[in-house]
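Hi there,

Here is the structure I promised to pass on. Have a look at it, and then read my notes below.

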Amino acid sequence: MRLHGTLCVLTLTVSAAVAGEAAAPAPAPGQRAADPALERSLGAEVEQFVRADRVSPPPPCQVLFVGSSSIVRWKETLASDMAPMPVIDRGFGGSHIEYVNRWFDEIVAPYRPRAIVFYAGENDIDAGKPVDRVVADFDEFMRRKTGALGDTPVYFISLKPSKLRFAQFPRQTKVNAAIRALARRRPDLHYIDVVTPMLENGRPKDIFVADGLHMSAAGYAIWTREVRAALLPDTESEARRCARAGAR
């Protein structure tokens, strides 16, 4: 929070500190301020997951898909697309990586998955967050994952090119390059390239619904092929390792 020399601002700052609240960092140039309505909406989605899990806890050692609306919109066909691998869909629309981190203890850790398929970061770039911030948020996700779930593998789906947000493709590419480089250094992180098969002559293919952002069935067919190719070779060994860890 920037101080403007007024007693009012100082009082608010001190009051927040007394209440144990850390002041949010000022947005970077070009970054939109936090959206309280979005955060309330995301929190409500997470609460729905929590309530459903109380009633019927998912079995452990499934493949957890977590992230933003591209995961949400996969829900209807995800189980059949990934069969015979068992899956849990915990996408919540419009989310950023920081929100996955915020609710990590509600929508990641409790499931004790054999593997995590992660898609988020695209909305972060659209909101104006710097590339370094997006990568740092993902680093924080990996830190939390290691602390709670050890060497459970994470499969990061690259930020996808879309017609609506193609002007952001250069910054998306920088995020993808940083995560790909991290995956080369971490045996528990795998990078899934969906960019290459989604482009034709350097532009996004005609695989989107009318909004130009979300994928049609043809787009999900590409994701299904690439994600299955990444998961299937190791899924049985990951399932066995997960089961052994749960038996300890």
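First, a term you'll need: two residues are in contact when they have heavy atoms within 4.5 Å. This is a predicted model, in which local features need pLDDT of at least 70 and side-chain atom pairs count only at pLDDT 80 or more, while totals for chains, interfaces and linings use all residues. Residues are numbered from 1 along each chain as its sequence is written, and side-chain values use heavy atoms, with hydrogens and water left out.

So, V108. Setting aside neighbours within four places in sequence, V108 touches L64, V66, V100, W103, P113, I116, F141 and L149. V108 also belongs to the largest nonpolar core, which has 60 residues; F65, V108, F118, F138 and F141 have the most contacts inside it. (A nonpolar core is a set of buried Ala, Val, Leu, Ile, Met, Phe, Trp, Tyr and Cys residues joined through side-chain atoms within 4.5 Å; buried means under 20% relative accessible area, exposed over 50%, and partly exposed in between, using a 1.4 Å probe and protein chains only.) Helix 8 (residues 131–149) supplies the largest share of this core, 7 residues.

Now the whole chain. You'll find 12 helices and 7 strands in it; these are DSSP runs numbered from the N terminus, H or I with at least four residues for helices, E with at least two for strands. Of its 248 residues, 46% count as buried. Among contacts with a separation of 6 or more, 76% are between residues 24 or more positions apart.

Next, take a look at helix 2 (residues 36–55). Which of its residues are buried? They are L42, V46, F49, V50 and D53. They sit on the same side of helix 2, because they cover an arc of only 100° around the axis (the arc is that of the directions from the helix axis to the C-beta atoms). The face turned away from that buried side carries the exposed residues R40, R54 and V55. Covering the buried residues of helix 2 are, among others, strand 2 (87–91), helix 5 (97–102) and helix 6 (104–107).

Last, the disulfide (a pair of cysteine sulfur atoms within 2.5 Å). The structure holds 1, and it joins C61 to C242, with S to S 2.1 Å. C61 is in the loop between helix 2 and strand 1 (63–67) and C242 is in helix 12 (residues 235–247), so the pair ties together parts that are 181 residues apart in sequence. Both C61 and C242 are buried.

Cheers
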